[in-house]
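Subject: Structure for your files

Hello,

Here is the structure I promised to pass on.

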Amino acid sequence: MPNQLTNTGDGLALQVTKPARSAGLVEEGANGDTTHRADVVAYGFDDLLLVIDRDTDRVPLADRAELVALAATETASIYRGIDTRIQHSGNGYRVQVPTTGTGFGAGDGLPCHAATGLLVMAPLDASVGKRELLETRQTQMLQTDRNAGG
């Protein structure tokens, strides 16, 4: 069952503990203490939210622009993006998300998928190309590795 959007003092947030770890948006020491929580930008679209690491060494601006453009094309929409960060929440992590225009509200279940520096959140029945967004990010990472290696 996907995590549900919850009301917070700043709006809505989604619990993203496992995906945030998988995406490298949080790092923890051997004793489990948090050593890094990423500053991120969260973008809203119809039936889709993207959370992207703001560190340009981790996700270059050109890669971020490509992901946002692809999401806008896939959904034929784009709404407000917000600067936020991965936050502590109980024994895990959550992220603030934009909801203006997206149609999402508190209590909505929202599956979250991860790739390096990226979280893709969309309802199970959404027609959005979640896989295409994740594959695009994986291709970007491969290209970055090739460029760094030679």
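**Surface and overall build**

The protein has an accessible surface of about 7500 Å², and carbon and sulfur atoms account for 45% of that surface. Areas of this kind come from the Shrake-Rupley method with a 1.4 Å probe, and for residues only the protein chains shown count as cover.

This is a predicted model, in which local features need pLDDT of at least 70 and side-chain atom pairs count only at pLDDT 80 or more, while totals for chains, interfaces and linings use all residues. Residues are numbered from 1 along each chain as its sequence is written, and side-chain values use heavy atoms, with hydrogens and water left out.

The protein contains 3 helices and 10 strands. These are DSSP runs numbered from the N terminus: helices are H or I with at least four residues, strands are E with at least two. In sequence order the pattern is β-β-α-β-β-β-β-α-β-β-β-β-α. The radius of gyration is 15 Å, close to the 15 Å that the globule rule gives for 150 residues, so the protein is as compact as a globular protein of that length. That radius is taken over C-alpha atoms, and the rule is 2.2 Å times the number of residues to the power 0.38. The C-alpha trace spans about 50 × 45 × 25 Å along its principal axes.

Of the 150 residues, 45% are buried. Buried means under 20% relative accessible area, exposed means over 50%, and partly exposed is in between (1.4 Å probe, protein chains only). A contact means heavy atoms within 4.5 Å. Of the contacts between residues at least 6 apart in sequence, 62% join residues at least 24 apart.

On charge, there are 13 positive and 19 negative ones, and their mean positions are 4 Å apart. Lys and Arg count as positive, Asp and Glu as negative, and His and the chain ends are not counted. Each charge is placed at NZ of Lys, CZ of Arg, CG of Asp or CD of Glu.

Is R137 buried or exposed? R137, in helix α3 (residues 130-149), is buried, with a relative accessible area of 1%. Its side chain reaches the backbone oxygen of R58 at 3.0 Å. That is a polar contact, meaning a pair of N or O atoms within 3.5 Å; within protein, one must be able to donate a hydrogen and the other to accept it, and residues adjacent in sequence count only if both atoms are side-chain atoms. Setting aside neighbours within four places in sequence, R137 is in contact with R58, V59, D63, L67, A115, T116 and L118.

E74 is in helix α2 and is partly exposed at 31% relative accessibility.

A76 and S77 both sit in the loop between α2 and β7. A76 is exposed, with a relative accessible area of 71%, whereas S77 is buried at 9%. What does the side chain of S77 reach? A polar atom of that side chain lies 2.8 Å from the backbone nitrogen of D46, and a polar contact of 2.8 Å joins the side chains of S77 and T75. Not counting residues up to four places away in sequence, S77 touches F45, D46, A71 and A72.

Most residues other than glycine have a negative phi. A76 has a phi near 55°, a positive value. D47 also has a positive phi, near 60°. D47 lies in the loop between β5 (39-45) and β6 (48-53) and is partly exposed, with a relative accessible area of 37%.

T84 is in strand β7 (residues 81-89) and is buried, with a relative accessible area of 12%. T84 touches D39, V40, A42, R54, V95 and Q96, leaving out residues up to four places away in sequence. T84 and P123 are 39 residues apart along the chain, and their C-alpha atoms are separated by 22 Å.

G90 lies in the loop between β7 and β8 (92-97) and is exposed, with a relative accessible area of 76%. G90 and Q15 are 75 residues apart in sequence and 9.8 Å apart in space, C-alpha to C-alpha.

Regards
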